[in-house]
Amino acid sequence: MQSFDAHPASRREFMRMLSLGLGATLVGTSAVGGPLSWLEEISYGPASLEALQTGRRLGVALVGLGKYSTGQLAPALQQTKLCKLAGIVTGTPSKAAQWQQRYQVPAKNVYDYKTFDRIVDNPDIDIIYIVLPVGMHAEYVERAARAGKHVICEKPMAPTAAECQRMIAAMQKAGKKFSIGYRLHFEPHHQEMMRLGQKQTLGPIKRLVADNGFRFNNDTPWRVDKELAGGGPLMDMGIYCVQGVVYTKGQLPTSVTAKLAPNPDPKGLFKEVEAGINWQMQFADGSVADCRTSYAENLNSRLRAETDKGFLELQPAFGYGGIEGRTSQGAMNIQNVPQQARQMDDFADCILNNKPTRVPGEMGLRDVQILQAIYRAAATGQKISTKDVVAVLDKTNSR
Ligand code: NAD
């Protein structure tokens, strides 16, 4: 087991979590390589440790109270230790009333889309979290930047790379921290895939496989509206395959090829966006990743890497919980954790200690560039180079 003595901040937080009865979430053994490196991820900076002691929390305002805010982010903000739900932005007055009552949000911290810009004057709000349809992300990130707040923007960052670049520029001008809502970078199974893959514990990765898709029932119609979603399942679900492949391999692809899946409803549900797509990412060392996503069928949620000596695999891989991992040497035996709470607390830690986030806007741009290359490959039937994609990697912290 990793000695905590070399990391006093980690050790103190670990002891504190134990005293809060949260230690059980840290129990597990890795099948390959021994120590559970992800324990090291809980290493808050000194300002965060002070905040934990004094009870100071950064205020988060959720913009858009749809399924993800309601089902995941608001509950997660009841579990965070460094931030709290302090404000809401919604176009539906009845929702505002319900949320105010449920989460004790004061009336002065409730906005609609017209009054949103007044948030600039509200010292209770430190972080604005954009949870709107993808086509609205750029406008709201730019407005949040003008309000001088730190921002988390949900994935995918925007329909186009040009919008991503505008968002990054706006946040740079504001001088505030900016991250993408990539929850799985803070999830211990995925962190273990990063560590085992990048450290080549079973040798160099020769092939990867990633699948993520579900049968879409039109419960959120914006997801099949090209302007509001930017694309279909590739943007929404395939992005997790791209991410998983890149952080397990620890490299960016040099090119992609792709083919659209048959469209079961080209005049109806899938008249504006693809129903499904299969693609391959090619790497400089000759290795490849074969990936699939769909809104027309339920696919296995899977991330797998193969080497000459064995394999690493998560299945189910991409959900909010229930993730299971194994390698050719046995089960990972890692417990699931509250992903969104860890993601938001990590961002708060970055703000409090002026540290860079591991999921910056540039990573969101990188992924949109790769997704666009995949769409171009499908449209042209050609291999498309990804050599100009912005070079951002989430390198494992493991030593
Ligand atoms: P949703 O449709 O349930 O919520 C969207 C919200 O935006 C609703 O409250 C809706 O009222 C509001 N809205 C404002 N203007 C709108 C307009 N013109 N059209 C449609 N809605 C409008 O969607 P969701 O599933 O909550 O997704 C919201 C965002 O969160 C998206 O960016 C999505 O990709 C992201 N998301 C991320 C994850 C994750 O695991 N990180 C999971 C689900 C969704």
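Axes here are lines fitted to C-alpha atoms, for helices over the stretch in contact, and angles run from 0 to 180 degrees between N-to-C directions. I start there since helix packing comes up more than once. Helices (H or I, at least four residues) and strands (E, at least two) are DSSP runs, numbered from the N terminus.

This is a predicted model: local features need pLDDT of at least 70, side-chain atom pairs count only at pLDDT 80 or more, and totals for chains, interfaces and linings use all residues. Residues are numbered from 1 along each chain as its sequence is written.

The chain as a whole, then. It has 11 helices and 15 strands. Of its 399 residues, 49% are buried. A residue is buried if 20 or more other C-beta atoms lie within 10 Å of its own, exposed if 12 or fewer, and partly exposed in between, with C-beta atoms placed from the backbone. Two residues are in contact if their C-beta atoms, placed from the backbone, lie within 7 Å. Among contacts in the chain with a separation of 6 or more, 73% are between residues 24 or more positions apart.

Next, the sheets. Strands of a sheet pair through backbone hydrogen bonds, either parallel or antiparallel. Two strands count as paired if DSSP finds at least two bridges between them.

Strand β5, residues 150-153, is joined to β6 by three bridges in the parallel sense. In that pair, Cys 153 stands opposite Ile 180 of β6.

Another open sheet has nine strands, ordered β14-β13-β12-β11-β7-β10-β9-β8-β15, and its pairing is mixed. At the edges stand β14 (330-331) and β15 (384-385), each with a single partner strand, so one side of each is left without a neighbour in the sheet. Helix α7, residues 188-198, packs on this sheet and touches β11, β12 (311-314) and β13, its direction making about 165° with that of β12. Strand β13, residues 325-327, pairs with β14 in the antiparallel sense over two bridges, and Thr 327 is opposite Gly 330 there.

Which strands does β7 pair with? On one side, seven bridges join β7 to β10, residues 288-294, in parallel. Leu 208 has Ala 289 of β10 as its bridge partner. β7 also pairs with β11, residues 302-306, in the antiparallel sense over five bridges. There, the bridge partner of Ala 210 is Leu 303. Six of the seven residues of β7 (207-213) are buried, so this strand is largely enclosed by the rest of the structure.

Now the helices. Two packed helices are described by the angle between their axes and the distance between the axes. The axes of α6 (161-174) and α11 (361-380) come within 9 Å and cross at roughly 175°. These two helices are therefore roughly antiparallel. The cut-offs are under 35 degrees for roughly parallel, over 145 for roughly antiparallel, 65 to 115 for roughly perpendicular, and oblique for the rest. From α6 the contact includes Cys 164, Ile 168 and Met 171, and from α11 it includes Leu 365, Val 368 and Gln 372. The residues of this contact divide into seven nonpolar, five polar and one charged. Here Ala, Val, Leu, Ile, Met, Phe, Trp, Tyr, Cys and Pro count as nonpolar, Asp, Glu, Lys and Arg as charged, and the others, Gly among them, as polar.

Helix α11 also lies across β8 (255-260), β9 (276-282) and β15, running at about 55° to β8.

Two single residues for comparison. Ala 162 is found in α6, and is exposed, with 12 other C-beta atoms within 10 Å. Val 359 sits in the loop between α10 (339-353) and α11. Is Val 359 buried or exposed? Val 359 is buried, with 26 other C-beta atoms within 10 Å. Leaving out residues up to four places away in sequence, Val 359 touches Ser 179, Ile 180, Tyr 182 and His 185.

Last, the ligand. Of the 19 residues around it, Gly 64, Gly 66, Lys 67, Tyr 68 and Glu 154 come nearest; a residue is near if its C-beta atom, placed from the backbone, lies within 6 Å. Helix α3, residues 67-76, gives the largest share of the shell, three residues. The shell residues divide into eight nonpolar, six polar and five charged.
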